[in-house]
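Visitor: I have a new model to look through. Could you walk me around some of its helices and charged pairs?

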Amino acid sequence: MKHLAIIPGDGIGKEVIDVGLKVLDAVCEISSFDYDGELFDIGSERYLKSGELLTDEDTDSLRKKDAIYFGAIGDPRVKPGILEQGILLKMRAVFDQYINLRPVTSWFPLVPLKREVPFDIHFLRENTEDFYMGAGGTFGRDRKDARVNVKREMYDLQIDLRTNSSNNDDFAFEIGLLSRKGITRFADYAFNYAKARGDKKVTLVDKANVCTHIYGMQRSIFEEKSKEHGIALEYMFVDAMAMAMIVRPETFGTVAVPNLFGDILTDLGSQLQGGLGMGGSGNINPNGVSMFEPIHGSAPDIAGQKKANPIAAVLAARMLLENQGYQEEGEMLRRSVRDCLDKGLTTPDLGGKLTTDEVGEAICRYILGQKK
């Protein structure tokens, strides 16, 4: 019996997680997998009523679970960043979910590329450091003690906001931080993951030609780990990687990428495989509680209309099953998605005419049909 925390969240999150749970129930009927799910009221509605985001009581309860199944957060009534930082990013940090796994697979015929060459890229996004740590601030004209010192090899610049009358401006800054510990465990996970997949290389994406300090250290540690694990290391600048994903996605397998760039590239990847409704992801702590979710947002413009594509949530459930040791059941969910696509049993975003629930029913029928 697996003990799961269920957090539907906001908007279409509730609709697609409901489908995902029905799919998991179908899996329970035909396999040894079994679970109980505890529903957690974490999201915009609670925040608007009580001002609570992710509480200590929440984290204490979630820590006792085997895994978390998460829908989406986001509400136009809440200022951008509040829910994301106070719930999603905090959860990743509290549970030290330092790997974000996002597969990008060629789900033909949805792939918008002209060449029908199969690809299966597995992005490993570092999930707790880089520019997503909230290390930043602002310097205003009214701050009498505001002073910024910036030292680089090329120059030594001092901006004194008390006396700099030439611009008399406001400033904002955000700092990206990488630790040796964080990079080392990220690299170890990436090379072990590549080895398990049978990949002969790891592609490390960065912008080391501009951000020389943090990504320079990252490259140095990845080079050491490449030799230690006996797996080749390939470098790609993030802008070149974005172009390469369009023209030769089949040349990539295991891809390691820092937090900010990973967020951007995996959204590009989701479009390559048919849209945001096709992308599942896992926020993984190899030794603790991991969380699985579709990569799309809460889509308030279509919430309640039963138009949402539930496949991303089903693929997130697949990742949850595999993470919990149920590889065959996870593969069954992949085949069920393939069956729906082959038969055109899809929601309008994929050119179909079915509702969210009807797609879920089709997936459940396929799964139940596998019963021996």
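Guide: Happy to; here are some questions and answers on this predicted model.

Visitor: Let's begin with helix α7. Which of the residues in helix α7 (residues 238-247) are buried?

Guide: A residue counts as buried when its relative accessible area is under 20%. The buried positions of α7 fall within an arc of 110° seen down the axis, so they line one face of the helix. On the other side, Met-243 and Val-247 are exposed. The buried residues are Val-238, Met-241, Ala-244 and Met-245.

Visitor: And what covers the buried residues of α7?

Guide: The cover includes four strands, β5 (120-126), β10 (201-206), β11 (232-237) and β12 (254-257). A helix is also included, namely α8 (259-272).

Visitor: Are α7 and α8 roughly parallel or roughly antiparallel?

Guide: Two packed helices are described by the angle and the distance between their axes. Here the axes of α7 and α8 come within 11 Å and cross at roughly 10°. Angles under 35 degrees count as roughly parallel. The two helices are therefore roughly parallel.

Visitor: How many residues of each class make up the contact of α7 with α8?

Guide: From α7 come Val-238, Met-241, Ala-242, Met-245 and Ile-246. They meet Phe-261, Leu-265, Leu-268, Gly-269 and Leu-272 in α8. Gly counts as polar in this scheme. By class, the contact has 9 nonpolar, 1 polar and no charged residues.

Visitor: Now for charges. Which residue meets Asp-239 in a salt bridge?

Guide: Asp-239 lies in α7 and its partner in the loop between β10 and α6 (212-229), so the pair ties together parts that are 32 residues apart in sequence. The N to O distance is 2.9 Å, and the partner is Lys-207.

Visitor: Which residues are linked with Arg-318 in a network of salt bridges?

Guide: Arg-318 forms a salt bridge with Glu-322, with the closest N and O atoms 3.1 Å apart. These two are 4 residues apart in helix α9 (residues 311-323), about one helical turn. Glu-322 is partly exposed, at 23% relative accessibility. The network links Arg-318 with Glu-322, Glu-331 and Arg-334.

Notes:
Residues are numbered from 1 along each chain as its sequence is written. This is a predicted model: local features need pLDDT of at least 70, side-chain atom pairs count only at pLDDT 80 or more; totals for chains, interfaces and linings use all residues. Side-chain values use heavy atoms; hydrogens and water are left out. Buried means under 20% relative accessible area, exposed over 50%, partly exposed in between (1.4 Å probe, protein chains only). The arc is that of the directions from the helix axis to the C-beta atoms. Contact means heavy atoms within 4.5 Å. Axes are lines fitted to C-alpha atoms, for helices over the stretch in contact, and angles run from 0 to 180 degrees between N-to-C directions. Angles under 35 degrees count as roughly parallel, over 145 as roughly antiparallel, 65 to 115 as roughly perpendicular and the rest as oblique. A salt bridge is a side-chain nitrogen of Lys or Arg within 4 Å of a carboxyl oxygen of Asp or Glu.
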